[in-house]
Amino acid sequence: MDMATTTSTTAHTILASVTLEVADPEAARRFYGAFGVDTYIRLRASEAHSTGFRGFTLALTVSGPATVDGFVAAAVDAGAAVLKPATKSLWGYGGVVQAPDGTIWKIATSAKKDTGPATREIDEVVLLLGVEDVKATKQFYIGRGLTVAKSFGGKYAEFAPGQSSPVKLALYKRRALAKDLGVPADGTGSHHIVLGSTGDAFTDPDGFVWEAAAPPAPTPS
């Protein structure tokens with residue numbers, strides 16, 4: 001049996017940070033502050049070429065439909081475009097917006113009715129990477145030291161988060177993810193996202209770049 005895909009000789013990897021590469025960091029900082037997700041991400045200036053779908057989304061899970069609507073409204077008021085209006089579905093309620101820097105965000109709840117007033121609280125943030133082969137990429141990450149928390153064959157895989165990470169990492173088929181977000185699957189160039197690793201730097205099979213995580217920036221006084 002080939003154990004190369006399940007046994008790692010590299011440093012144990014945990015997602016420690018998510019950095020979005022944007023053309024205008026100050027404008028992005030204002031947007032994400034107004035949207036209410038600024039504590040979950042970092043920003044970095046980049047003019048790297050990119051077209052179409054960047055291959056990932058950040059998903060917020062919240063308590064109820066009114067809270068979904070509140071986050072969508074805050075994003076739109078700050079300059080986001082609605083890709084999918086918030087609506088009910090078989091699994092709950094949710095919508096999709098695209099930030100001015102191009103990053104796609106999904107806001108959703110499994111609840112179909114509100115059990116309380118809207119809040120600005122986020123229950124969970126998940127980074128969904130759109131990949132060509134979920135099974136192969138899952139094995140690649142197992143080989144880097146990540147632990148699988150959930151797996152549904154070749155459709156979806158989710159990894160256990162680290163104690164210091166506010167964002168979970170998950171894999172989804174690229175075309176299925178694009179369809180879910182309401183955008184064409186085609187895209188080229190930079191993903192415009194860099195993942196901070198507790199281990200060494202590497203690039204995964206779909207071109208997502210990981211680098212050794214820098215310590216958090218000090219909070220301005």
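1. In this predicted model, the side chains of R175 and D186 form a salt bridge, with an N to O distance of 3.6 Å. The pair connects distant parts of the chain: R175 belongs to helix α4 (residues 174-181), while D186 sits in the loop between α4 and β12 (187-189), eleven residues apart. R175 has a relative accessible area of 58% and is exposed. D186 is likewise classed as exposed, because its relative accessible area is 55% and the threshold for that class is over 50%.

2. Salt bridges with shared partners unite E21, R44 and E211 in one network. E211 is partly exposed at a relative accessible area of 29%, and R44 counts as partly exposed at 29% relative accessibility.

3. A further salt bridge joins D200 to R144, at 2.5 Å from N to O. D200 is in the loop between β13 (193-197) and β14 (202-203), and R144 is in the loop between α3 (134-143) and β9 (148-152), so this contact ties together parts that are 56 residues apart in sequence. The two partners fall into separate accessibility classes: D200 counts as partly exposed at 32%, whereas R144 counts as buried at 12%. In general, side chains of opposite charge can pair when their charged atoms come close.

4. How many salt bridges does a search of the whole structure find? The search returns eight.

5. Helix α2 (residues 65-77) comprises 13 residues and spans 18 Å from its first C-alpha to its last, close to the 18 Å expected at 1.5 Å a residue. Its buried residues are P65, T67, V68, F71, V72, A74 and A75. An α-helix has 3.6 residues a turn, so residues three or four places apart point the same way. The cover over the buried residues of α2 includes α1 (25-35) together with the strands β4 (56-61), β5 (81-88), β6 (93-98) and β7 (104-109). Just after α2, G79 adopts a positive phi of about 120 degrees.

6. F140 is located in helix α3 and counts as partly exposed, with 25% relative accessibility. Leaving aside residues up to four places away in sequence, F140 touches F202, T203, D204 and P205. The C-alpha atom of F140 is separated by 12 Å from that of A157, and these two residues are 17 apart along the chain.

7. What does a search of the whole structure find in the way of cavities of 30 Å³ or more? It finds one. The largest cavity has a volume of about 60 Å³. Its lining consists of T13, I14, L15, L146, F159, A160, P161, G162, S165, V167, K168 and L169. By class, the lining of the largest cavity comprises eight nonpolar, three polar and one charged residues. K168 is the charged member of that lining, because Lys counts as charged.

How values were computed: Residues are numbered from 1 along each chain as its sequence is written. This is a predicted model: local features need pLDDT of at least 70, side-chain atom pairs count only at pLDDT 80 or more; totals for chains, interfaces and linings use all residues. Side-chain values use heavy atoms; hydrogens and water are left out. On a 1 Å grid over the protein atoms alone, a cavity is a set of points where a 1.4 Å probe fits but cannot get out, and a pocket is an open set with protein on both sides within 12 Å along at least five of seven lines; lining residues have an atom within 4 Å of a point. Grid points are joined across faces, edges and corners, and a volume is the space filled by probe spheres set on the points. Helices (H or I, at least four residues) and strands (E, at least two) are DSSP runs, numbered from the N terminus. The expected span of a helix is 1.5 Å times one less than its number of residues. Buried means under 20% relative accessible area, exposed over 50%, partly exposed in between (1.4 Å probe, protein chains only). Contact means heavy atoms within 4.5 Å. A salt bridge is a side-chain nitrogen of Lys or Arg within 4 Å of a carboxyl oxygen of Asp or Glu.
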